[in-house]
Amino acid sequence: MAFLRNAYHKIQKELEPFNASLVAVTKMRSTQDIMQAYDLGQRDFGENYVQELLEKHDTLPKDIRWHFIGHLQTNKVKHIAPFIHLIHGVDSHNLLLEINKQAKKMDRVISCLLQVHISKEETKFGLSETEVNLLIHRFVTQPNELNGIQLSGLMGMASFTEDNDLIISEFNKLKDLYHNYKASLSGINNPFAILSMGMSADYRFAIEAGSNMVRIGSLLFGSRERA
Ligand SMILES: *Cc1c(COP(=O)(O)O)cnc(C)c1O
């Protein structure tokens, strides 16, 4: 496996007119491969597993912005709280409270995205629309309770399917939610500005639907053994 330089340049060019940023997903990738992307100027990298992230954070350059994109267990938050740039997969009130607590301990404000369940699949993590509503309501009505958190936007994953219309409709649903919340949060001066959707297989649909952050692994580094 290696870093695919041409694919990297091609994707960056495609994202440009949409003002979408690229998170290079590096789970199970070697330090050498990651450094090739780094040397081309890539600074945003995404990881799914805490242990792997900690090892990479230790050995790789300190100006990398690490994104946690996997399912985060509350008991692991403390390990990444000192340095994490953005947590994409917040899917419970408990997790939000724990991130808040650890952020305050570190004297940090940690940026988070709420993960919304938009796919037809049972197994994917994420909040229902009702749960997102509740969390955002809490955030709006009790801003001081969660002042270690910056609520930066939403994240979602479309169904893994050949049915492009379904993928597009799921992304559009998330886009609508995002714009509704962006409007309702504008009053409390909270920079709610990130819509994280799109992976190797579906990022073109995602940016067409309004995504401004895509998370791409396989297209940049080749296919993975396990995912
Ligand atoms: C692995 C992963 C990605 C990247 O997937 P690719 O298909 O390799 O681009 C994006 N988002 C999440 C949440 C992931 O777990």
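**Reading the terms on this model**

User: Where is Arg43 found?

Analyst: Arg43 is found in the loop between α2 (31-39) and β2. The elements are DSSP runs numbered from the N terminus, with helices being H or I of at least four residues and strands being E of at least two. The model is a predicted one, in which local features need pLDDT of at least 70 and side-chain atom pairs count only at pLDDT 80 or more, while totals for chains, interfaces and linings use all residues. Residues are numbered from 1 along each chain as its sequence is written, and side-chain values use heavy atoms, with hydrogens and water left out.

User: Why does Arg43 count as partly exposed?

Analyst: The relative accessible area of Arg43 is 21%. Buried requires under 20% and exposed over 50%, with partly exposed in between (1.4 Å probe, protein chains only). Arg43 is therefore partly exposed.

User: Which residues is Arg43 in contact with, leaving aside its neighbours within four places in sequence?

Analyst: They are Tyr38, Asp63, Ile64 and Arg65, contact being heavy atoms within 4.5 Å. The C-alpha atoms of Arg43 and Lys62 are separated by 9.9 Å, the two residues being 19 apart along the chain.

User: What makes the pair Arg65 and Asp44 a salt bridge?

Analyst: The closest N and O atoms of Arg65 and Asp44 are 2.7 Å apart. A salt bridge is a side-chain nitrogen of Lys or Arg within 4 Å of a carboxyl oxygen of Asp or Glu, so the pair qualifies. Arg65 lies in strand β3 (residues 65-68) and Asp44 in strand β2 (residues 44-47), which means that the pair ties together parts 21 residues apart in sequence. Arg65 is partly exposed at 35%, whereas Asp44 is buried at 14%.

User: How many salt bridges does the structure hold?

Analyst: The structure holds six salt bridges. One of them joins the side chains of Glu14 and Arg204, with N to O at 2.7 Å. Because Glu14 is in helix α1 (residues 5-15) and Arg204 in helix α8 (residues 203-208), this pair ties together parts that are 190 residues apart in sequence. Arg204 itself is partly exposed, at 43% relative accessibility.

User: Why does Glu47 count as buried?

Analyst: Its relative accessibility is 0%, so Glu47 counts as buried. Its salt-bridge partner Lys56, with the closest N and O atoms 2.8 Å apart, is buried as well, at 7%. Salt bridges with shared partners join Glu47, Glu52 and Lys56 into one network. Lys56 is part of helix α3 (residues 50-59), and its contacts beyond four places in sequence include Lys27, Ile34 and Trp66.

User: How do you know that Phe68 is buried?

Analyst: Phe68 has a relative accessible area of 1%, so the word buried applies. The residue has its place in strand β3. Beyond its neighbours within four places in sequence, Phe68 is in contact with residues including Asn48, Leu53, Ile84 and His88. The C-alpha atoms of Phe68 and Leu53 are separated by 8.2 Å.
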